[in-house]
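I opened this structure for a first look. My entries follow.

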Amino acid sequence: MKLHEILNQIYPLSQEAAQKILRYSGEIQLSKGHTLLEADKNETSIYFIKKGMVRAFAPKEEKDITFWFGKEGDPIVSMKSYVANLPGYECVELLEDCELYEIKNKDLQQLFLEDIQIANWGRKFAERLLVQTEERLISKLFKSAKERYLELLEENPDFVQRIQLGYIASYLGITQVSLSRIRAEIK
């Protein structure tokens, strides 16, 4: 997926505005298992997934808690670093070899000051992430693990082939044994 296509999914940009962002972006390739974002670190870049799969998790002594998966076209950002320039709480690990687009926060912030269309894109970007976070929270609070699993399958049927079941169980807030029971029930 091309970066301008990803950007336009968030908010349509003119060719000129898109080119300004593209000038400040770069492509990187990283291997499966790489930790892209680290908890308690002020992240200086945002990323967009060109190819690959990642998971965001909160590190805990006894067991990490997975709370998000990203795939092609998705942004990877520590919102706390992006918005407040403070260390984030999440880690992001690559579940597959990945190709990513990288944009430095400082460059994007400067573009927001220079171009109102890019500033509007940034607002829509933050709004979109806020709504996604709210949807995940509401789902976790009001739906059963089975309902959340069925929702995950409906929205992202490829996840069960691309993500370890232990990570999916963690995302759902259940054990892998409970996930196996749910999977057996719905077959």
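I started at Arg 162. Neighbours within four places in sequence aside, Arg 162 is in contact (heavy atoms within 4.5 Å) with Gly 52, Met 53, Lys 71, Glu 72 and Glu 96. The model is predicted, with pLDDT of at least 70 needed for local features and 80 or more for side-chain atom pairs, while totals for chains, interfaces and linings use all residues. Residues are numbered from 1 along each chain as its sequence is written, and side-chain values use heavy atoms, without hydrogens and water.

I looked up where Arg 162 sits: in helix H7, residues 159-162. Helices (H or I, at least four residues) and strands (E, at least two) are DSSP runs numbered from the N terminus. I also checked Gly 173, eleven residues from Arg 162 along the chain; their C-alpha atoms are separated by 19 Å.

**Largest pocket**

Next I looked up the largest pocket. Its volume is about 1100 Å³. Its lining counts 35 residues, and closest to the centre are Phe 67, Trp 68, Gln 132, Thr 133 and Arg 136. A pocket here is an open set of points on a 1 Å grid over the protein atoms alone, where a 1.4 Å probe fits, with protein on both sides within 12 Å along at least five of seven lines; lining residues have an atom within 4 Å of a point. The volume is the space filled by probe spheres set on the points, which are joined across faces, edges and corners.

Which element gives the most to the lining? I found H5, with eleven residues. By class, I noted 19 nonpolar, five polar and eleven charged residues in the lining. Ala, Val, Leu, Ile, Met, Phe, Trp, Tyr, Cys and Pro count as nonpolar, Asp, Glu, Lys and Arg as charged, and the others, Gly among them, as polar.

**Helix pairs**

I then took H8 (residues 165-172) and H9 (residues 176-186). They pack at about 95°, with axes 9 Å apart. Axes are lines fitted to C-alpha atoms, for helices over the stretch in contact, and angles run from 0 to 180 degrees between N-to-C directions. H8 and H9 are therefore roughly perpendicular, a label for 65 to 115 degrees; under 35 is roughly parallel, over 145 roughly antiparallel, and the rest oblique.

Last, I looked at H4 (residues 105-114) and H5 (residues 116-142). Their angle is about 125°, and their axes are 6 Å apart. H4 and H5 are therefore oblique to each other. By class, their contact has seven nonpolar, one polar and one charged residues.
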